[in-house]
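Good morning, and thank you for coming.

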Amino acid sequence: MRGEWLQRKRMSLAWGLVGLLLAVLALREGMAWWREQGQWRSLAESVATLEPGAPMSLERLRQSAQARGIALDDVQPEGEGWQVRGKVAQAQALQGWLQALAEEGAQPLQWALARETDGLRFDVRVRP
């Protein structure tokens, strides 16, 4: 008798089990998403409380460039900022450096890039 009932309800039980597994997966994904959103929220709150640091110094500019494999040939004071000239192997390295400068509080105002036989030459105007 019990075997008969199990035979008749087998398909219903299988679909019920599939539904339960899908519900568990959806709940797990929802909880992971909720935790991730909480992390982004707390990160945004901590960034909002940060005080702006000191303006970028010429030494920090040079160290930042050196850390990214960028050779600075010439740095000239210009108004409130600097005119920076140098060489870089790849345009992506220059782009990463300019983004890093912006994250560190400096403002890249203008930049130019020219291909030469020994790599790429750049010219950047930066406000600390």
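**Glutamine 83 and its surroundings**

Apart from neighbours within four places in sequence, glutamine 83 is in contact (heavy atoms within 4.5 Å) with Asp74, Val75, Gln76, Glu78, Asp123, Val124 and Arg125. This is a predicted model, in which local features need pLDDT of at least 70 and side-chain atom pairs count only at pLDDT 80 or more, while totals for chains, interfaces and linings use all residues. Residues are numbered from 1 along each chain as its sequence is written, and side-chain values use heavy atoms, with hydrogens and water left out.

Glutamine 83 lies in strand E2; helices (H or I, at least four residues) and strands (E, at least two) are DSSP runs, numbered from the N terminus. Is glutamine 83 buried or exposed? Its relative accessibility is 10%, so glutamine 83 counts as buried; buried means under 20% relative accessible area and exposed over 50%, with partly exposed in between (1.4 Å probe, protein chains only). The side chain of glutamine 83 also makes a polar contact with that of aspartate 123, at 2.4 Å. A polar contact is a pair of N or O atoms within 3.5 Å; within protein, one must be able to donate a hydrogen and the other to accept it, and residues adjacent in sequence count only if both atoms are side-chain atoms.

I turn now to the sheet. Four strands form an open sheet in the order E1-E2-E4-E3, with antiparallel pairing (two strands pair if DSSP finds at least two bridges between them). Strand E1 (71-78) and strand E3 (107-116) stand at the edges with a single partner strand each, so one side of each has no neighbour in the sheet. Between E1 and strand E2 (residues 81-88) there are seven bridges in the antiparallel sense. Leucine 72 has glycine 86 in E2 as its bridge partner.

Next comes helix H2. Which residues of H2 are buried? They are Leu61, Ser64 and Ala65. Seen down the axis of H2, these buried residues fall within an arc of 95 degrees, so they line one face of the helix; the arc is that of the directions from the helix axis to the C-beta atoms. They pack against E1, E2 and H3. The face of H2 turned away from the buried side carries the exposed residues Gln66 and Ala67.

Finally, leucine 61, leaving aside neighbours within four places in sequence, is in contact with Met56, Leu72, Val75, Trp82, Val84, Trp97 and Leu101. Just after H2, glycine 69 adopts a positive phi of about 75 degrees.
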